[in-house]
Structures are given as C-alpha cells and as structure tokens.
Amino acid sequence: MTDEIIYFDNGATSWPKPEEVVEAMNDYMTSVGASPGRSGHRKAFDAARIVFEAREAVAELFNVRDSRNVVFTPNATGALNMAIKGIVNPDDHIITTSMEHNSVIRPLTYLQENQSVSFTMVGNNDHGDFDIDKFRNSFTDKTKLVVMNHGSNVSGRILPIQNIGEICRENGVVLVVDAAQSAGTVDIDMARDNIDILAFTGHKSLFGPQGTGGLCINGDIDIRPMLHGGSGSKSELDHHPDFMPDKLEAGTLNTVGIAGLLAGIEYINVVGLGNIIKKEREMTRILIDGLRQIDNVVVYGLGSDERLPVISFNISGMRPSDVGYRLDKDYHIMTRVGLHCAPHAHRTIGSFPDGTVRFSLSYMNSLEQIEKVLEAVKEIAK
Amino acid sequence: MIILIFHSTHEVLKFEKILKKNDIKFEVIPTPREYSSDCGMALRLKEESRDVVNSLQEESGMDIRIVVQ
C-alpha cells in the first residue's frame, strides 16, 4: 500500500501549489528581494513591478475597472474586516446570510455589541436555496451594507450573486462579497455580477501562498482605512494618503507572497478558468454520487449542480472527528472536521453541534484519488 | 531630458507599462529631491518624446507632472 497523501482539504488552503508559484517566490527571494516602492534602485523597481502586475492580474481576473482599486491584505479575513468596519457606522443595519464564516459573523457581532449595529441573517427556503424573497424584504432605511459569502465553505452552495447585487443596487446599498472559497473556482465578473466590493484570499483556489489576499473595489465607495503608516508616497505629510491603492495599505507588503499569488493567477489563466471549473465540477459530482451510494453516509446541502468542490458529510453513528482521524491515519486522506469556523452554516444544514467531515477539492486532485477515497469511506462506514 | 513625476508608485508603473506598449524609450530614476520627497520612482525621457507623452497622458487621464531638465 502506497503512502501517497490524498489532500482533500483545499478549502483550508490549496496544496500542492503549481511549480510556477514556488519558482516565482524563490526567484523573488534570490534575485529581487527588495521592498517595493520605497528605495530608488533597480531591485526596488523590480519588486514594485511584481506588485503592480499582481494588481493588474487580480483586476483582470475579477473585471475590476482600475487596478489601483485592488489592495492587498494578509488574507480574506483582513479584507472583510477592513470593508465592514470601514463602511459601517453606529446604528447601521447589515444583511447577511445564515451560512457565513466567522470572518464575517465575528466582526458583525463585535459591531452589534459595541456600536449598536444590527444585522439580519437570511436563511434558506424550503428547497434549501438562499431565500431571495426574504432577502428582498429585509432592507430597512438603516441598511448600509450587504455582506455575503459567495460560496459556502461547509456545503459548497453558491449564491445567486448577480440577482442579489441587482437587489442591492435597487436599494442603494453596497454589496460586499466574501469570495474566499469562490475566487479561482467560480467565474466572477464584478461588473456583470453587480459586486461593489470583493474580498478574496490568495492561498486557496488562486494557488498563492498563505499571507496573501485582498479587496477589490469597483466604484467610488469610501472605506475608512484600518491602517495608517508608511506608504511610499507623500512622505512629507503626517496624513496617510487618500488616493488608492495607498489609502488602504500601509507598511511593507508580503512581496514574496504576492509574487507567488501573481504566478498562481497566471497558472489559472494558462490552464483556463473554464477548464479548472469543468474538472472540479466533474470530480465533485462523481464524489457526491459515490458517497450517496454508501450506506450510513449522509451528504449535506445537496442542491443545484452549480456548486463549489466542497462536500460535507457524516457517517451515522460516528463522530466527525473519529472519521477524520481514521481517514488520515489509515488511508492518508486529509480532510477537515468539525464546524469549519462557520457554526451558523452547520445550524442551517442541520449538522450542529458536531459538525461534519469536509472534502474540499482542487484542480490538482484526480479521479483516481476520488475512487480511493470512496473505497476508504465505504470501509469506515461498515 | 524630461522627467515625469507621479503621485504614487502605482501610477509610475501604470504609465511605464503604457510607454513600453508604445515602444517609447525611458529610464526609471529615483525622484530628484527638488521635485518631491516621495520615496519613489520617476521616469526620465528624451525631450523629443514630450509630444507623445502628452498625448498618452491625455489618453490615460492620469495626472502627471512633466519637468524639463
């Protein structure tokens, strides 16, 4: 029996990364190494160009009108905090869903407890789909923001973002989309999809390293900065710049990480996002179909075919943690068990408080691996 | 020579890309202190490029300070 690792935890972070990503980071460390936009020598210019090209690559991927409106953050959580706290004022109302990750719920809860902000969590309808009618009726005259996760890291369901965006426009409310799980595995077009602000992470389906992520702003939306500090511009002033991207960034960026992120997006462009989506959807379908045929296995949140390569399941009579342990120890299959930092999602799909075992795939997985995993689950479920 | 001074690193690189696309020769230099105290970069070009720079600037809608040295 081979000790081949089967990594089905790409929802946590993608692995392995394309070779090109590791090479780009290595190249940066060995040949460039400088701080972008600070010193006036050629290495600094090279570093700055990498960051600039990365902004352009992100802007192209999501159809952001101007790459100056792409700012880098250490992760999607940082981006979401910046957007939410930078827009919402005391007494404002926010609309979100009942499937959110803690990177949205915790900032909202903090604002609720400290700034009399209120928020509505819109759940699913009887078909298990997002209740768009309830959403339409949730707007009040104090609604300032709608923030929702594009794709659930628990059930894999994808929101009808274009429709949601339209409704936000009708109400004159800003839409922030948490694309942590969807960027790089769903076709996102900020203009077409009516998305005002997009928070993304670099280290999942965009194949970058950890420590990268960002915010894309498509429009003239004033976001209060979270950080004030060195920006490589207007240094004579004590005030932090008010022009983008400098306005929402301060200090030295994770340049080596961004070099990797740029290579990750370039990899996606070479392979073709359409091809990535096609392969992932096919693997997901086969995996779900296979799981559903195994006795004692419960698969959660089955809905439309259009879903993320993320599947939550349980084996009746077994704790998720025990299933995960056996998958890892006996079969070398990596998964994530528990609540996945999204307790409300588990409440919504009916798997609270124990949570689920989650398989999350990437383009790097294979049909062969899927077969092995299904065999393993069959064995464990006996 | 003419020197192009920008508001931010982002703008320098944006215009650099435009110049490259249009095959116009330029050099990246540290911004001369007398023009700005930004820890940034500026672009230096031959005076003949002035007209094409003006039209590219207009096309791009960017706010660039052009100084003759």
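Let's start with B:Glu47 and B:Arg50, which form a salt bridge in this predicted model. Their closest N and O atoms sit 3.9 Å apart, and the rule's cut-off is 4 Å, so the pair counts.

Over all chains, the rule gives 25 salt bridges.

Now for two pairs within chain A. A:Glu249 and A:Arg55 meet through their side chains, at 2.7 Å from N to O. What parts of the chain does this pair link? A:Glu249 is in the loop between strand S8 (213–217) and helix H7 (255–271) of chain A, while A:Arg55 belongs to helix H2 (residues 42–62), 194 residues apart. Are these two buried or exposed? The threshold for buried is under 20% relative accessible area, so A:Glu249, at 9%, counts as buried, and so does A:Arg55, at 6%.

The other pair is A:Lys144 with A:Asp92, where the closest N and O atoms are 3.4 Å apart. Here A:Lys144 comes from strand S5 (residues 143–149) of chain A, and A:Asp92 from the loop between helix H3 (76–87) and strand S3 (93–97), with 52 residues separating them. A:Asp92 is buried at 12%, whereas A:Lys144 is partly exposed at 29%.

On to the interface, friends. Chain B and chain A bury about 1700 Å² between them, and 53% of that is on carbon and sulfur atoms. The contact draws 21 residues from chain A and 18 residues from chain B. How many salt bridges cross it? The rule finds five. B:Lys17 with A:Glu56 is a salt bridge at 2.6 Å between the closest N and O atoms.

Which elements of chain B give two or more residues to its side of the contact? Helix H1 (9–21) and strand S2 (27–30). Helix H1 of chain B gives the most, with eight residues. By class, that side of chain B has six nonpolar, six polar and six charged residues.

Last topic, the packing inside. The largest nonpolar core has 56 residues, and A:Phe62 and A:Phe135 have the most contacts inside it. Leaving aside residues up to four places away in sequence, A:Phe62 touches several residues, including A:Ile188, A:Met190, A:Leu198 and A:Phe200. Another core, of 26 residues, lies apart from it; A:Ala83, A:Ile105, A:Leu111 and A:Val176 are among its members.

Conventions: Residues are numbered from 1 along each chain as its sequence is written. Chains are lettered from A and ligands numbered from 1 in the order in which they are written. This is a predicted model: local features need pLDDT of at least 70, side-chain atom pairs count only at pLDDT 80 or more; totals for chains, interfaces and linings use all residues. Side-chain values use heavy atoms; hydrogens and water are left out. A nonpolar core is a set of buried Ala, Val, Leu, Ile, Met, Phe, Trp, Tyr and Cys residues joined through side-chain atoms within 4.5 Å. Buried means under 20% relative accessible area, exposed over 50%, partly exposed in between (1.4 Å probe, protein chains only). Contact means heavy atoms within 4.5 Å. Buried area is the accessible area (1.4 Å probe) that two parts lose on being put together, summed over both. Helices (H or I, at least four residues) and strands (E, at least two) are DSSP runs, numbered from the N terminus. Ala, Val, Leu, Ile, Met, Phe, Trp, Tyr, Cys and Pro count as nonpolar, Asp, Glu, Lys and Arg as charged, and the others, Gly among them, as polar.
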